[in-house]
Amino acid sequence: MKEFLSYGKQWIDDIDINAVVGVLKGDYLTQGPAVDKFEQKICELTGAKYCVAVANGTAALHIAVQALGIEEGKEGITSPNTFLATCNSLVYNSLKPVFADIDNKTYCIDPEQLKKKINKNTKVILPVHFAGQPVDMATIYDLCKKNEIHIIEDAAHAIGSKYKCGSMVGGCKYSDMTILSFHPVKTITTAEGGAITTNSDKLYEKLKVLRTHGITKDPKQMTHNPGPWYYEMHELGFNYRLADLQAVLGTSQLGRLNFFVKRRREIVKQYNEAFSDVEWLTTPYEDPKVFSAFHLYVLKVDFNKIGKTRKQVMEELTKKNIGTQVHYIPCHTQPYYQKNFGYKTGDYPVAENYYEGALSIPLYPKMTDQDVEWVIKNIIGLKN
Ligand SMILES: *Cc1c(COP(=O)(O)O)cnc(C)c1O
């Protein structure tokens, strides 16, 4: 039988390994020249002016929200169909997490629902490019500009994706900042890692300080400068640095991003062709005007029609060495969010209905054509 196919997985080759070994033999292990180079490569890819690499995507979200300097108690809006790190970043910063329901086709935040949630306390919106498909940012940008609301794009799924206009996600064409994640299931990996891109000089300076305890050594920013030992802390920051060891892996992986995305899209095409005529399956929608890097392949399954529960289906597939996962349990249904912010099941019906049928099946570039065929055969065979 096949080796286990998880829903997502990294691809590390000898070039990656040699790159990491090269750093191990050098002078810098933690943040050093490899981080600078990785940041520069992300700028080249996305077209953003600046990049700040950090310890993980969650740290990126945390300090991106903090860098905006929003008064406590104000509100931020995001999608209920995201990983909890997105809405948690609002809570870290003592902002009220508000959700706007998703669009039933894209599974991303619905601009019409978003409009209804905006009020005078709304200070930031965090659109999530779910599964790699870019959100309709031009619409959200116009909405936010009118109301003086900041935008942080959560592009943890979307490195390598392109908007309708053809420009790269991460370039911050429609936002103050964009965050990326390099967790092993994401499109490229640094083991743990994340980054924030921005075109703002001010935010860039702030993010660098927040990444390192809130400390600055920049004479232009300090109140005085008595000598070479001196530094000042102006804000409460963190140790959110990325290590050179990790950054060099990131640069090496970036070199294969186009190949990874191409292979992901080939697999998606094979899945779509196999599943589009199956009446109890809904294949993922891709807006014909965008380019999705496809971090995930989410099938919507009509479990009633096959007379099996999701639990049974997942267990049956696991026995065939096919891993599946559910992206995502709607954030507002988590006990923490219900207890602290008063959300109830039923508040975001589109996300909840989507969740009932969602099933992510294996999608990663290292899958062979035989792997893909094996998945297809066993998914279709669920209804017997
Ligand atoms: C993975 C992920 C994050 C967090 O990234 P980490 O690097 O795991 O901290 C944030 N948002 C979304 C949508 C993600 O998928």
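The model is predicted, so local features are taken only at pLDDT of at least 70 and side-chain atom pairs only at pLDDT 80 or more, while totals for chains, interfaces and linings use all residues. Residues are numbered from 1 along each chain as its sequence is written, and side-chain values use heavy atoms, with hydrogens and water left out. The ligand sits in the largest pocket, and helix H3 (57-67) gives the largest share of the shell around the ligand.

**The ligand and its shell**

- There are 16 residues around the ligand, and Gly57, Thr58, His157, Ser181 and Lys186 come nearest; a residue is near a molecule if one of its heavy atoms lies within 4 Å of it.
- The ligand sits in the largest pocket. A pocket is found on a 1 Å grid over the protein atoms alone, as an open set of points where a 1.4 Å probe fits, with protein on both sides within 12 Å along at least five of seven lines. A molecule sits in a pocket if more than half of its atoms lie within 2 Å of the pocket's grid points.
- By class, the shell is made of six nonpolar, eight polar and two charged residues. Here Ala, Val, Leu, Ile, Met, Phe, Trp, Tyr, Cys and Pro count as nonpolar, Asp, Glu, Lys and Arg as charged, and the others, Gly among them, as polar.
- Two helices, H3 (57-67) and H4 (84-92), each supply at least two residues of the shell. Helices are DSSP runs (H or I, at least four residues), strands are E runs of at least two, and both are numbered from the N terminus.
- H3 provides three residues, the largest share of the shell.

- Gly57 places a backbone N or O atom 2.7 Å from an oxygen atom of the ligand.
- Thr58 uses its side chain, with an N or O atom 2.6 Å from a ligand oxygen.
- Tyr328 has a side-chain N or O atom 3.2 Å from an oxygen atom of the ligand.
- Taken alone the ligand exposes 380 Å², and the protein buries 93% of that; accessible areas come from the Shrake-Rupley method with a 1.4 Å probe, and for residues only the protein chains shown count as cover.

**Helix H3**

- H3 is largely enclosed by the rest of the structure, because 10 of its 11 residues are buried. Buried means under 20% relative accessible area, exposed means over 50%, and partly exposed is in between (1.4 Å probe, protein chains only).
- Among the buried residues of H3 are Gly57, Leu61, Ile63 and Val65, along with His62 and Gln66.
- Asn56 caps the N-terminal end of H3, with a side-chain oxygen 3.1 Å from the backbone nitrogen of Thr58.
- Just after H3, Gly69 adopts a positive phi of about 65°.

- Lys308 belongs to the loop between helix H10 (303-306) and helix H11 (310-319), and is buried at 14% relative accessible area.
- The Lys308 side chain makes a polar contact with the side chain of Glu316 (3.0 Å) and reaches the backbone oxygen of Leu382 at 2.5 Å.
- Leu382 lies in the segment after helix H14 (369-380) and is buried, with a relative accessible area of 2%.

**Backbone details in loops**

- His327 and Tyr328 are joined by a cis peptide bond, with omega about 0°; Tyr328 is in the loop between H11 and helix H12 (335-341).
- Asn321 also lies in the loop between H11 and H12. Its phi is near 65°, a positive value in a residue other than glycine, and Asn321 is buried at 19% relative accessible area.
- Glu148, in the loop between helix H6 (137-147) and strand S5 (150-154), has a positive phi of about 50° although it is not a glycine. Glu148 is exposed, with a relative accessible area of 68%.

How values were computed: A polar contact is a pair of N or O atoms within 3.5 Å; within protein, one must be able to donate a hydrogen and the other to accept it, and residues adjacent in sequence count only if both atoms are side-chain atoms. On a 1 Å grid over the protein atoms alone, a cavity is a set of points where a 1.4 Å probe fits but cannot get out, and a pocket is an open set with protein on both sides within 12 Å along at least five of seven lines; lining residues have an atom within 4 Å of a point.
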